Amino acid sequence: MTNAGAALGRVLFYDVRLSSNDSIACASCHRQQFGFSDTVRFSRGVGHSTNRRRTMGLANARFNAQGKFFWDERAESLERQVLQPIYDSLEMGRPEANVISKLASVPYYPRLFAAAFGSTQVTDERIASALAQFVRSLISAGSRIDSVFATGGAPDYSRLTVRELEGSRLFVASGCINCHRTIVQLADKASNNGLDTVPLDSGAGHGKFKPPSLRNIAVRPPYMHDGRLRTLRDVVIFYSEGVQPSDSLDERLTEEDGLPRRLDLTAVEVDALVAFLEALTDSAFLRAEKFADPFASCHREVSARR
């Protein structure tokens with residue numbers, strides 16, 4: 001990663017020229033205020049086309065140790081992932097050659113490509129590299145949960161409410177952390193979490209899906225790959241009492257007798273887990289200028305001159 005590479009990636013991320021009809025950008029679905037996801041059930045593409053899965057959040061994608069992306073892990077790397085929506089007919093619908101010639105004709109892109117890569121040449125690989133660098137820069141680490149560990153010394157749990165602290169304990173004790181691992185709560189692999197006995201969408205195979213980091217989860221409903229659950233409370237209640245039996249159900253959600261493992265939470269415990277998940281919101285990240293739309297500031301300057 002370089003500053004120049006990520007800066008170019010930021011401009012590309014917000015540029016509608018990457019779509020076939022100059023109507024949508026990567027940021028049209030991955031919106032900063034929603035943790036670089038959105039709040040519609042299914043993502044939308046050019047010509048008002050609708051996809052069958054919802055938009056994934058991009059925060060902390062760089063910490064994906066397995067290096068596979070999308071709900072179904074079909075992209076082997078972030079560089080491969082960022083290009084697929086651009087050339088997908090249901091998403092941005094842009095023919096590859098058209099993208100390259102279009103960007104090369106924009107006055108400021110030769111300078112940005114030269115700063116990032118040493119020459120003005122616009123290529124598919126460079127577009128992918130720049131976009132991937134910008135996505136890797138999207139680090140969310142300023143939530144109230146993070147403030148507990150901010151000093152580098154002993155954790156200061158007084159920064160959390162009693163309910164949030166209990167939710168943090170339950171997140172570990174009930175086994176949520178076994179799937180949503182590490183401090184960024186990122187799933188290590190695609191798995192079947194028991195949404196359906198017979199999967200309606202095969203995902204990565206046998207109804208397995210890989211969710212993004214739980215950071216900023218509270219600002220990007222609805223939930224699951226198909227947005228079937230409207231609220232965080234619905235999600236917690238699902239794991240408490242709604243996990244369905246399946247031949248491919250993840251072993252971490254399976255009891256020794258083969259039946260689904262359900263958390264059987266009390267109403268107070270549901271409230272606590274929801275409070276913990278809400279405390280993963282990083283308000284500064286959702287407003288950070290360095291991640292924001294660079295074209296918006298240009299538009300404000302033009303309006304001010306008028």
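**Pockets and a surface patch**

Author: Gladly, and please keep in mind that this is a predicted model. In the largest pocket, the lining residues divide into 22 nonpolar, 10 polar and 10 charged.

Reader: OK, and how much space lies in that largest pocket?

Author: The largest pocket holds about 750 Å³ of space. Its lining is made up of 42 residues, and those closest to the centre are His 30, Met 56, Phe 70, Gln 81 and Pro 85.

Reader: Which helices each supply at least two residues of that lining?

Author: Those are α2 (26-29), α3 (78-87) and α6 (124-136), and the largest share comes from α3, which supplies four residues of the lining.

Reader: What about the second largest pocket, what volume does that have?

Author: The second largest pocket has a volume of about 200 Å³. Lining it are 14 residues, of which Ile 24, Ser 28, Cys 29, Arg 44 and Gly 45 lie nearest the centre, and the lining as a whole divides into four nonpolar, seven polar and three charged residues.

Reader: Switching to the outside, which residues form the nonpolar patch on the surface?

Author: That patch is formed by Phe 149, Tyr 157, Leu 165 and Ile 183, which together have about 360 Å² of accessible area.

Reader: Where is Tyr 157 placed, and why does it count as partly exposed?

Author: Tyr 157 sits in the loop between α7 (144-147) and α8 (162-173). It counts as partly exposed because its relative accessible area is 40%, and partly exposed covers what lies between the buried limit of under 20% and the exposed limit of over 50%.

Technical notes. Residues are numbered from 1 along each chain as its sequence is written. This is a predicted model: local features need pLDDT of at least 70, side-chain atom pairs count only at pLDDT 80 or more; totals for chains, interfaces and linings use all residues. Side-chain values use heavy atoms; hydrogens and water are left out. On a 1 Å grid over the protein atoms alone, a cavity is a set of points where a 1.4 Å probe fits but cannot get out, and a pocket is an open set with protein on both sides within 12 Å along at least five of seven lines; lining residues have an atom within 4 Å of a point. Grid points are joined across faces, edges and corners, and a volume is the space filled by probe spheres set on the points. Ala, Val, Leu, Ile, Met, Phe, Trp, Tyr, Cys and Pro count as nonpolar, Asp, Glu, Lys and Arg as charged, and the others, Gly among them, as polar. Patches are made of residues with over 30% relative accessible area and no salt bridge: like charges are joined within 9 Å, nonpolar side chains (Val, Leu, Ile, Met, Phe, Trp, Tyr) within 5 Å. Accessible areas come from the Shrake-Rupley method with a 1.4 Å probe; for residues, only the protein chains shown count as cover. A salt bridge is a side-chain nitrogen of Lys or Arg within 4 Å of a carboxyl oxygen of Asp or Glu. Buried means under 20% relative accessible area, exposed over 50%, partly exposed in between (1.4 Å probe, protein chains only).
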